[in-house]
Amino acid sequence: MPAEELRFEHHPFQRIGPDVHLIQDVQFALGQPLCVPINSAVLTGQEPVIIDTGSPRNRRQWLDDVFSIVEPEDVRWVFVSHEDADHTGNLETVMARCPNATLLCSWALVERFSCVYDFPLHRCRWVADGDTVDIGDRQLAVLRPPIFDSPSTLSVFDTRSRMMWATDTFATAIPGTPGSALTQDVRELDQQAWRDGMTLFGIHGLAPWVSMADPCRFAANVTTLQRLDPSVVLTGHSPPIHANRVDEACEILGSLAEAPVPPCPDQSVLDLILAAMGD
Ligand SMILES: [Fe+2]
Ligand SMILES: [Fe+2]
């Protein structure tokens, strides 16, 4: 099988609760038996919501998954957290296929992504940290997560299911090779590997600025998220973090500003990867 086919494969969506669904995809790591989840979510309440739109590479499967959960014309809201390709990959298709959907996003997202997508501004609703959006049988509380890789980044908290969509926060690599089962809960992870993965991704893959942040102020932002008491934290790049692991996840994240900076993969690592590939 060609390598490019090996690196992506389908994993069925995970039903997190009666009205919360996690759309799953993975990206395999180079040279390591690891992968990174590429998640998005669907809320099926009175007014269904698509939360982030996956990656373009997984388009066909992502659309099949999402529209097996909710009919396109029933989608009332599309929330897009920020402009990265793994969150906006199917935005244009979704807005075209879901004529009754309003796009929830930040002003900064439109400002930064209009060179890629011609936003239907009359179908947009700009939201910001601290806003709430009434979606019929619940509210979406909008907040800026403690760690992010774009100034446009927002997260949402569903007041009914108490699901937190934390966007890129808590990102980590997890064990995974082509054909292996996908980790479905962070409790399956080795504790030290989870800490190391979140630290490496947090500092080198997401927010190098965190090492310059005031540790107390940064930790206080994490505590703000923790105090919402989520029943589950879903993120773009981690298995689900259920309530019994949220404190541990927040402890790891909250210490990131003062964590020793791990080495970042450099040319010597690339040389090893290329050697392993036989190039
Ligand atoms: Fe991102
Ligand atoms: Fe991401």
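How many of the five residues of strand E11 (residues 139–143) are buried?

1. This is a predicted model, in which local features need pLDDT of at least 70 and side-chain atom pairs count only at pLDDT 80 or more, whereas totals for chains, interfaces and linings use all residues. Residues are numbered from 1 along each chain as its sequence is written, chains are lettered from A and ligands numbered from 1 in the order in which they are written, and side-chain values use heavy atoms, with hydrogens and water left out.

2. Four of the five residues of E11 are buried, where buried means under 20% relative accessible area, exposed over 50% and partly exposed in between, with a 1.4 Å probe and protein chains only. Strands here are DSSP runs of at least two residues, numbered from the N terminus.

3. E11 pairs (at least two DSSP bridges) in the antiparallel sense with strand E10 (residues 132–134) over three bridges, and Gln139 is the bridge partner of Asp134. With strand E12 (residues 155–158), E11 pairs in the antiparallel sense over four bridges, and there Leu143 stands opposite Ser155.

4. The iron ion (ligand 2) is coordinated by Asp86 (OD), His87 (NE2), Asp168 (OD) and His237 (NE2) at 2.0 to 2.3 Å; donors are N, O and S atoms within 2.8 Å of the metal (3.2 Å for Na, K and Ca), and sites may look incomplete because water is not among the atoms. Of these residues, Asp86 and His87 are buried.

5. Asp168 bridges the iron ion (ligand 2) and the iron ion (ligand 1), which lie 3.5 Å apart.
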